[in-house]
Structure formats: C-alpha cells, structure tokens
Amino acid sequence: MNLQLFIPELTLAIFAIAVILLDLFVQRKGVLAGVSVAGLVISAGFTLTMWGSEPQTIFNNMLAVDSFALFFKLLFTGIAILVILASVDYASKLTNLQGEYYALVLLSVLGMMLMAAATELISIYVALGLTSLSLCALVGFLKDSKSSEAALKYFLLSAMVSAVLLFGMALVFGVTGETQLSKIAQVIQAMPLTNITDNPALVLGVVLLIVGFGFKIAAVPFHMWVPDVYEGAPTPITAYLSVGSKAAGFAVILRIFSSAFGLPEWLSLNWGMLFAVLAAISMTLGNVVALPQTNIKRMLGYSSIAQAGYLMVGLATVGILPTADVLGQSAILFFLASYTVTNLGAFIAIIAISNKTNSDLIQDFSGMIRRAPGLALALTLCLVSLIGMPPAAGFMAKFYIFSAGVHSGLLWLVIIAVLNSVISAYYYLRVVKVMWFGEPTSTEKVFSSGALRFSLFITSIGVLLLGILPGLVMKLTEAASKMLAFLP
Amino acid sequence: MIASELIWLIFLLPVFSFIIVSLFIRPSVKPTSKIAGYITITAISASLVLSLWTLLTVMAEPKHELAVPDFSWLTVGDLTIRIGLMIDSLTAVMLVVVTVVSLMVQIYSQGYMHGDPGYHRYYAWMSLFTASMLGVIMANSLLLIFFFWELVGLCSYLLIGFWFHRPAAANAAKKAFVVTRLGDFGFLAAILLLYTNTGTFNIPELHEMAITGVLAGTTLTWAAIGIFAGAIGKSAQFPLHVWLPDAMEGPTPVSALIHAATMVAAGVFLVARTFPLFVNSATAVTIVAVIGAFTAIFAATMGLVMNDMKRVVAYSTISQLGYMMLGLGAAGLALRQEGHVTLELAKAAAAIGIFHLFNHAFFKALLFLGAGSVNHATNTFDMRQMGGLRKVMPWTYATFVIGALSLAGIWPLSGFWSKDEILAVTWDTQRVLFTLVMITVLMTAFYIFRVVFLTFSGQYRGSDPGSHGQEHDHTTHLHESSPVMVAPMVILAILAIISGFWNITGSFDAFMGHGETRSFASGLFGIFTHPLPWIALLVAGLGIFLAYAIYGAKWLSAERIGHIFRPLYIIFSRKYWFDELYENVIVKLILLKWVFAALEKIDTKVVDGAVNGLANTVRTIYRIALLNGIFDILQRVDGTKIEKANGVIKEPNKNWWQVDGIVNVMANGVTASGEALKKTQTGQLQLYGLVIGLGVVAIILVLYFAG
C-alpha cells in the first residue's frame with residue numbers, strides 16, 4: 001500500500017492537532033487562523049500533485065484516490081479556506097475556544113474528504129460520523145440559546161438519520177454479503193431479478209440510504225432541520241454547512257449510486273425517478289417557503305433546499321442515462337462548484353454586513369449600496385447567480401444541469417425547475433431591491449476586515465469566471481465524473 | 001468592406017465606456033461633471049459610424065450577409081458552444097436603429113439628467129444597456145441571445161428603479177423584472193428543447209433545419225411558442241403587458257430608449273430572427289398574429305383615457321408592438337397560404353414587421369423625448385395641468401406633432417408606409433384581425449392627438465412650477481428646453497419623416513429578403529393606386545378630427561362624452577383590472593396569504609390535529625403493510641428510553657402517545673437530552689423526526705405500488 005496517497009488527509013489531521021496545541025501557547029489567536037489556512041493549502045497542494053495520475057486505491061480498497069475524490073478534496077479545502085478567512089472577525093469574539101474552532105473545521109474537512117474517497121460502506125459511515133460530529137460542535141459554538149438549540153437539533157436528527165443509514169447499509173450488506181461498492185454491484189448484477197418487489201430487503205436498504213443522504217443534502221422531506229440550524233449556527237458555519245456538507249452528501253450519493261446500484265436496469269430506473277420526484281418537491285417547497293421569510297439566513301436556508309432540488313435533477317439524470325454517459329455526474333459537479341462560490345460569497349457578504357448591524361433581518365440591509373457599496377455589489381452578484389442569470393455562474397450551472405435533464409427525457413422536471421427559478425427570482429430580488437432602492441437605516445459606513453474582503457473578492461471572481469469561462473471547470477468535472485466508471 | 005474586428009468594436013465600445021464610467025469616473029469625479037456623458041456619447045457615436053459602415057457593406061454584398069469568424073467558447077464532451085456574430089440585413093438594420101436612438105437619447109440626457117446625483121450611474125447603466133442590446137442583435141446563437149436578453153432585462157430593472165427614493169419606481173422595477181422573466185421561462189425552455197432535438201444553438205443552422213423540414217412537427221411548434229413567450233414578456237404583449245406602463249417610473253430618456261425604441265422591440269426582433277421556425281408552424285404564426293392584433297386594440301383602448309402623458313405614449317408603444325407582431329404573424333400566414341417557403345421568402349415576410357419596428361423606433365423615441373421636454377418645463381406628466389405650451393415650447397411642439405402624425409400614419413410620414421404594409425398583409429389573410437386593427441388606427445390617431453391638443457393648445461392650466469410667490473406671470477417660468485435636448489428631437493423628427501421612404505418601392509423588403517419582396521408599395525404617389533391607403537388615411541383623419549373636435553375646438557364636451565361612455569371609461573382607465581387581478585388576487589390573496597402561510601405553518605410549526613390525524617393514518621397503513629417488522633426492530637433498539645420521554649416533552653398531546661411505533665421511534669431520539677430541549681420551549685423536533693419517518697414510509701409505498 002502506498003501511504004503517500006493519504007498525505008492530504010494526514011496533513012489535515014496533523015494540522016488539526018497542531019492548532020489545538022498551539023492554542024495553549026499562542027496569545028495572538030489570529031496566528032491559529034493562519035496555521036489552519038496553511039494546513040489546508042498544503043493539503044490542497046498535495047492533492048493537486050496527484051491530479052491526472054491513474055486511479056488507485058488504498059487501505060485494502062477502502063479509499064479511492066481518483067479524480068472524482070481529488071475534485072471534491074480540492075473543493076472542500078477551498079471551501080474551508082474561505083470559511084476560515086470569513087471567520088476571522090467572527091471567531092475573535094470567542095476568546096477561549098478559537099483553537100478548537102479552527103481544529104474542528106479542519107477535522108470536518110478531513111471527514112468530508114474521506115466521504116468523497118470512501119468506496120466501502122463502513123468507511124463511508126465512519127467518515128460521515130466524523131463530519132457530523134465536528135459540524136455539530138461548530139453549530140453550537142456560540143453557546144447562546146439559539147445556537148445551542150440548533151446544535152442539539154442537528155445532533156439529534158443526525159443521530160437518528162445515521163441510525164437509519166446504518167440500518168440501510170446493514171440491509172444491503174445482508175442481501176449482498178459485501179460492503180465494497182464495486183462488489184455489491186457485481187452481486188446485484190448476478191441476481192436474477194425481474195421485478196422490484198422480488199427483493200424487498202434490498203429495496204428497503206436503498207431507500208434508507210437515500211433517506212440518510214437526503215438528510216445530508218437537505219432534500220425534502222428530510223430538510224426540516226435546515227432553517228433552524230442555519231439560523232442558529234454561527235454564520236460562517238452556516239455558510240460551511242450550506243456548501244460543504246451538501247457537496248459531501250452529493251459526493252457519497254454519486255459514488256454509491258453510480259457504482260453499487262448503477263448496473264441493474266430495474267433498480268436504476270426506479271431510483272432515478274425517485275430522485276426526480278424528490279427534486280420536484282424539494283425545489284418547489286424550498287422556493288415557495290423562502291418567499292415569506294424575513295430573516296436572510298432562513299431565506300438562504302430554504303434557498304439551499306431549492307438548490308438541492310436543482311442538483312437532484314442531475315441525480316435523476318444519472319439514474320436514467322446509461323452509466324457510460326457522465327453528463328449528469330459532470331453537471332452535478334459543475335453545479336456544486338458554482339453553488340459553492342455563489343453561496344459562500346453571499347454568506348460572506350452577509351457576515352460582513354451583519355457583523356456591523358447585528359441583525360440578519362432583510363429590512364436591515366436597506367440602502368446598503370450606499371453604506372457598503374462593495375459588499376452590496378458582491379451580494380447582488382451572488383443573488384443574481386442564485387437566480388440563475390447570466391453572466392453569473394448560476395446560469396451556466398442551471399443550464400448545464402437542465403440540459404442534462406432534457407437530454408435524459410425529463411422535460412417535465414426541467415419545466416418545473418425553470419418555473420421554480422422564476423419564483424425564486426422574486427425573493428432573491430427582494431434583497432437586491434432593499435439594498436439598492438431602500439433608504440439606509442443609518443449613514444454609518446460598514447467596514448470589514450481584509451481577510452473577509454479578500455475571500456469575498458475570490459468568490460466574486462469565481463462567480464464571474466464560472467459564468468463567463470465555464471469551460472475550464474467543466475473539463476475538470478468531466479474528467480472527475482469519468483472516474484466513477486473505473487472503480488476497482 | 002469592413003474588417004470583422006471593427007464589427008466586434010460596435011459591441012465592445014459601449015462595454016468599454018461602461019467599464020470606464022463605472023470603475024474610474026463614478027468613484028472619482030463629482031456628479032456635476034459631464035465627463036461620463038461625453039465618454040458614453042463618444043463611444044456610441046463611434047459605434048453608430050461603424051454600424052452605418054456595416055449597413056453599407058451588407059447592402060453591397062450580393063447575399064446581404066457578412067461572414068465573421070466565430071470562436072469556441074466552451075467544449076466539454078459533446079457540448080460545444082461557439083460564440084460568433086451573425087451579420088445579415090436584419091442585424092445591420094437593427095444596429096443602426098439601436099445606435100441612432102441610443103446616441104440621440106444620450107445627447108438629450110446631457111440636458112435632462114444634468115445635476116442628478118446619480119448622473120454617472122445613469123450613464124454607466126445606459127452604456128451597459130446599449131452594449132447588451134447590441135449583443136442581442138449580433139449574436140449568432142440562441143444561447144448567446146438569451147445571455148444578453150437577460151442582461152438587457154437587468155439594465156432595464158436598474159434603470160426603471162433609477163430614482164429609488166420613489167417607492168413606485170422600486171416596485172415598478174421589480175414588477176418589470178419578474179413579469180418579463182415569466183416569458184423568459186418559455187424562451188429558455190424553447191432553447192433547451194431545440195438544443196436536445198438538433199444539438200445546436202446556432203441560428204443559421206436552425207434556420208436551415210426548419211426550412212428543409214428536418215425540424216418540424218410538434219417540436220418546432222412548441223419551440224416557436226416558447227420563443228414567442230419570451231417575446232411576449234419582453235415586448236409587453238397581452239397578457240404580460242402589465243409591466244410596461246409602470247416602467248414609466250424610470251427617467252424619460254430611459255423610457256425612450258429602452259421602453260419604446262429598443263428593448264421592448266427585442267421581442268419583435270427575436271421572432272423575426274427565428275422567423276423561419278415560425279413559418280413552418282401554422283399554430284405558431286396564428287398565435288403571433290392573434291396576440292399581436294389583440295394587444296394592438298387592447299392597449300389602444302387604455303391609451304384613450306389616460307391622463308398621464310407618458311402613459312398614453314406607453315400604451316401606444318404596447319399597441320404598436322402589437323402591430324409589429326401582427327405584421328410578422330400575418331405575413332407568415334400569407335406565406336403559408338402561398339405554400340412555397342424558402343429562407344429568402346421567410347426573411348422577406350419578416351421584413352414587414354421589422355420595417356414598422358424601424359420607423360416606430362424613431363417616431364416613438366421622439367414622442368417620449370417630447371414628453372420629457374414638456375415634463376422638464378412643467379414638472380408634471382399630468383395633461384390636466386398643461387395646455388397652451390405651443391407658444392412657449394415651439395420646437396417641442398413642432399417635433400411632437402411630427403411624431404404624432406407619423407404614429408397616426410399620415411402620408412408621407414414614416415408610420416404611414418409601414419403601417420399600411422401591415423394592414424395590407426392582414427387584409428389578405430385575416431379579415432377579422434384587419435377589422436380590429438382598422439379600429440385601432442382610429443383610436444391611435446385619436447389618443448395621440450388628444451395628447452397634442454391637451455398639452456399644447458388652449459390655456460395653461462397648471463400652477464407655475466418655478467414660483468411660490470404671486471409676483472410672476474404664469475408662463476414666465478415655462479421655457480423651451482435647452483438646445484442639447486432640442487437637437488436630438490429635431491434629428492429624430494427628420495428621421496420620423498424620411499425613414500419610411502426606404503420602402504416606397506419595396507427596397508427595404510428586398511434588402512431584408514435577399515431580393516424577395518412582399519411589399520405592395522409602388523412609389524411615393526403610386527401607392528394611392530391601391531384603395532387601402534385611402535381608407536386608412538380616412539380613418540386616421542377621422543380620429544384626428546374627433547380629437548380636435550373634443551379637445552382642440554371643444555365643440556363636444558369631453559365630460560359629456562365621458563359620461564355617456566362611463567362604463568367603458570371605467571374599464572379602460574382601470575386597465576381592465578389586470579393589475580389588481582395579477583397583484584391582489586393571484587399573488588397576494590391566493591398565493592402569498594394562503595398557500596405560503598399554510599406551507600410555512602406546515603413546515604415550521606407544530607400542527608397538532610393534522611399531524612396526529614396523519615400519524616394515525618400512517619400507523620394504520622404501515623401496520624397493515626409489510627414493513628411492520630422494521631419498526632419493531634428500531635423500537636427495540638431504543639426501547640429502554642421510552643419511559644423517560646413522557647417527562648421530557650412539554651405538555652405532550654395525549655393522542656401523540658397513542659401513535660406508537662413510528663412516533664415512539666422519533667420520540668426516543670428526543671429523550672437523549674431532554675433537559676436541554678426543555679429550554680428551547682418547542683415541540684418541533686418530534687415533528688421533524690416524524691416527517692423524516694413519514695418520508696421513508698411514503699417513498700417505500702410509492703416504490704411498492706409504482707414499481
């Protein structure tokens with residue numbers, strides 16, 4: 001076995017421990033943020049060096065090192081770097097526990113990396129556990145009543161869902177006798193199944209897996225934790241949850257469903273349609289309930305449910321198109337990348353603004369274009385991208401994923417999705433309208449730290465770059481998606 | 001010959017001026033400086049020169065097309081998207097229209113917007129708008145058109161809400177954006193549909209496929225209808241017309257450029273651009289013709305009764321856009337009746353609508369600038385506060401009357417030539433629609449001369465906007481606008497007189513249709529050998545005479561007539577209650593209040609009765625169903641903790657605990673840390689868990705019964 005391939009993960013683990021230890025000695029806590037970012041950059045650097053090499057596996061086929069995993073590792077480290085940069089102002093309020101804060105972010109990235117790389121049910125479960133626990137602690141980090149409530153809710157529901165997930169995995173293992181995804185696929189292929197009801201235990205296992213990951217990606221009806229947790233959690237962590245956790249969920253779903261359950265015609269046909277139905281429900285409910293929201297974090301919470309709905313259009317495509325065609329997978333990865341920069345950008349701008357105003361209410365963003373032109377402009381760009389308008393990234397992402405949907409014959413779903421984006425324009429624009437056309441509540445300018453402005457700059461560039469030159473990233477997503485067919 | 005780099009510059013120059021003004025001028029220069037205006041005007045003047053050059057080059061080409069090398073924007077797997085320009089006669093004509101009107105409006109704005117605190121912002125958005133509009137015109141792929149299509153919508157949004165301190169402006173901006181997006185939904189769906197069926201976004205390729213019949217049947221019809229939906233939104237056709245009158249909250253030069261001459265005409269342009277797709281579907285062309293004709297008369301009725309000068313002109317715009325759509329639809333029907341469809345014939349058929357667009361752009365921009373000039377002097381758009389301005393504002397008066405005559409379709413002004421082409425082709429194909437638009441001709445002449453007489457003749461009825469004391473005579477503060485505003489109006493007035501001459505022998509049609517023509521015009525006087533112009537002129541003259549009789553000479557009392565037709569007056573002035581229908585009934589009452597509130601309640605609050613009922617039902621269902629065993633197992637896993645749960649949940653509902661099985665499983669999760677949960681004072685968590693559980697059951701049931 002080649003331990004070199006595990007270096008990105010090892011780096012993160014070492015840096016996480018180092019940050020906790022350093023916390024004991026260092027007085028200026030800003031150093032900790034710097035060390036964490038350094039760890040993430042080094043880890044990302046190691047990951048980059050592996051890009052393009054042959055897909056390999058480590059730890060007895062438990063983890064894959066392929067472009068698919070590497071793509072997600074880069075995405076996660078990028079997310080974490082931006083989240084940490086955006087947290088600098090925020091974390092300085094927590095004088096005692098800053099080391100833990102950064103260490104937990106690093107550990108959760110480690111968990112997500114393992115989720116993206118795992119090719120075997122038990123490792124997937126363990127990676128998921130590491131991620132969820134770190135995130136729970138982070139959600140409750142403010143230790144005020146809202147934050148604690150959010151953490152508790154997140155913890156309890158995660159616990160329940162992970163039981164459901166484990167049960168699903170147990171059923172799949174019971175039927176196939178394997179935990180290795182590729183071997184599960186082989187066993188299922190060998191089964192003489194003619195009808196879905198021939199093997200109810202397997203079907204139940206698959207459904208319970210969908211439920212477990214549906215919770216992670218915030219699909220309706222497993223979404224109910226989202227608004228409460230998003231509202232209560234520290235805003236940088238909300239941003240982190242909304243992109244990182246969701247992307248990790250999609251990574252695992254793609255891995256499992258393109259390999260283990262990708263082969264048999266009867267099974268794939270049905271889960272594709274199942275995701276199509278969940279997609280339609282998720283985006284409709286997310287968008288419609290986002291309309292009356294007055295708190296911007298809750299609004300973005302519902303918006304993230306809707307975005308999960310658009311993403312699931314891609315999952316439905318994966319289930320319907322032949323496995324050799326990676327259009328759906330590639331569209332999902334591109335959508336995730338674009339959603340990541342967009343949503344992170346939106347949250348970072350909100351962090352900067354609400355640091356000053358101490359409010360997450362949309363009405364308090366009134367006239368922000370005159371108090372903080374840069375922040376308001378960046379937030380507008382991100383909201384325009386979330387609507388899915390050119391030239392922002394959101395347009396290309398939606399376009400790519402919807403054309404994959406039409407390609408697989410899901411025209412009805414795409415029509416629902418496009419109608420939904422019309423509805424969504426209404427509530428996103430309300431924020432734009434308030435910021436541009438509203439009267440400022442005070443004349444005081446809103447200033448933000450350099451780290452925050454830097455991260456906002458990066459995300460804005462990302463939004464425009466993915467919107468105007470999407471070809472660069474689409475090449476990566478396509479290369480990453482092709483890996484799903486080459487599993488050991 | 002013109003180099004392709006120079007053609008790109010037509011689009012890039014306004015982009016540069018947008019970048020310079022927004023990034024460098026706006027942060028560093030005081031709003032009183034006119035530098036932003038000069039930069040924009042220079043850029044657009046250069047674009048205009050290049051556009052004229054392009055037009056001449058295209059005219060000289062035997063096929064009226066210029067090949068501009070395109071380049072690959074995106075290549076991923078099978079998906080290759082190329083970006084390029086399509087320079088044919090339609091593009092060349094539109095380029096000139098957009099750059100001319102834009103230049104006139106920018107010059108006029110130097111006077112109109114002078115001293116506004118948002119002066120630089122104004123010019124930045126105007127540059128971006130002009131660039132995007134040129135992008136729509138020049139793009140050779142539907143995807144690229146959509147890209148710029150959305151950008152012009154965004155600029156329109158920002159410019160309607162330019163005076164954001166007025167709540168009406170901010171609301172109008174949002175309304176315009178959301179309503180037009182409803183149409184864009186159809187457009188995007190059509191693009192996706194066409195792409196999946198043909199594998200291309202390229203417009204010439206799509207033309208080819210439509211003409212040769214590769215693309216046909218229901219796919220083609222739906223694609224055409226989808227594209228037309230986009231056009232309906234952008235061109236404010238019925239039933240998405242509601243946003244345009246409200247958009248008049250923006251600065252008047254914006255209305256002249258965006259909401260009269262260019263952006264709203266983009267819908268007509270889009271239909272013309274994809275016309276070969278339309279002519280091969282009888283359903284699509286019929287829809288275009290019917291919607292166009294209906295919108296024409298529908299908007300005209302509302303224009304009859306408005307008291308706001310700018311709104312009359314706005315309804316007139318909707319009505320005239322309806323004419324253009326009718327021209328396209330009727331010409332398509334005529335072409336289908338003849339049974340022989342080629343690319344050239346299709347383009348020649350589209351020329352009828354486009355010719356009206358071409359003429360309309362000049363005279364309608366002129367009318368808007370005239371209204372702005374009046375507003376500049378009187379500070380109002382309310383015609384009840386005007387009157388007698390002819391003496392004070394002779395230039396505005398003269399140019400406005402020229403615009404009005406052109407709009408009414410009086411020989412030999414430009415409106416006459418293009419309107420009669422539309423009337424002629426409608427007469428050939430659809431007599432019912434012909435009757436409708438003939439009535440519209442009467443209304444058009446009436447309402448626009450109502451504006452002329454109310455505003456410019458008689459006595460001044462308003463209070464002097466400039467003085468608060470009594471020492472001044474009424475009219476001393478009323479003044480003609482400055483030369484920088486009058487000059488563009490004069491130029492547009494000249495264009496409104498002469499632009500129609502292009503087609504008096506059918507040469508515009510021939511240019512557009514590569515030699516083919518449908519025009520019936522035969523010379524400046526030759527056209528009167530046909531009976532139709534006589535009738536049209538008579539009807540329009542009657543309209544002007546009626547307006548004179550009521551508002552000019554006052555032989556008839558407007559009040560009495562209003563009284564006699566009171567029910568109609570109310571219907572028209574309340575705009576058929578469409579605003580109320582859309583806003584109050586649909587959005588607020590049905591959707592917002594009812595559905596959203598209910599959904600939010602279901603989604604975030606504990607719904608006792610309903611949930612218990614649901615849970616009971618589910619309990620019964622799943623007990624019967626196969627899956628009973630699973631939940632027994634789950635229950636056993638957490639079984640030890642059930643007892644505690646009772647003490648933890650605040651005021652547990654009795655029924656709640658009868659719902660054993662699934663609910664217990666959920667409740668067990670809750671027990672794990674009961675004390676903390678007490679503090680939160682909510683019972684929501686069980687509900688969340690319950691919903692997840694119900695989700696599992698629902699999925700299984702669906703799979704079981706559907707699979």
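Chain B has a mean pLDDT of 79, and 82% of its residues reach 70 or more; pLDDT is the predictor's confidence in each residue, from 0 to 100. This is a predicted model: local features need pLDDT of at least 70, side-chain atom pairs count only at pLDDT 80 or more, and totals for chains, interfaces and linings use all residues. Residues are numbered from 1 along each chain as its sequence is written, chains are lettered from A in the order in which they are written, and side-chain values use heavy atoms, with hydrogens and water left out.

For the complex, the predictor gives an ipTM of 0.75 and a pTM of 0.73. Chain B has 32 helices and four strands. Those are DSSP runs numbered from the N terminus, helices being H or I with at least four residues and strands E with at least two. Among the elements of chain B, mean pLDDT is highest in helix α11 (residues 266–273), at 93, and lowest in helix α31 (residues 674–680), at 36. Over residues 622–683 of chain B pLDDT stays under 50, yet the model has 77 contacts there beyond four places in sequence, a contact being heavy atoms within 4.5 Å. Where pLDDT is low, the predicted coordinates should not be read in detail.

Next, the interior. Of the 707 residues in chain B, 61% are buried; buried means under 20% relative accessible area, exposed over 50%, and partly exposed in between, with a 1.4 Å probe and protein chains only. The largest nonpolar core has 456 residues, and F278(B) is one of those with the most contacts inside it. Such a core is a set of buried Ala, Val, Leu, Ile, Met, Phe, Trp, Tyr and Cys residues joined through side-chain atoms within 4.5 Å. Leaving aside neighbours within four places in sequence, F278(B) touches residues including F228(B), V271(B) and V288(B).

T301(B) sits in helix α13 (residues 282–303) of chain B and counts as buried because its relative accessibility is 7%.

Last, chain A. A nonpolar surface patch of about 800 Å² includes F454(A), L464(A) and L472(A). Patch residues have over 30% relative accessible area and no salt bridge, with nonpolar side chains (Val, Leu, Ile, Met, Phe, Trp, Tyr) joined within 5 Å and like charges within 9 Å. A salt bridge is a side-chain nitrogen of Lys or Arg within 4 Å of a carboxyl oxygen of Asp or Glu. Helix α18 (residues 450–468) of chain A gives the most to the patch, seven residues. L464(A) lies in that helix and is partly exposed, at 32%.

Technical notes
Accessible areas come from the Shrake-Rupley method with a 1.4 Å probe; for residues, only the protein chains shown count as cover.
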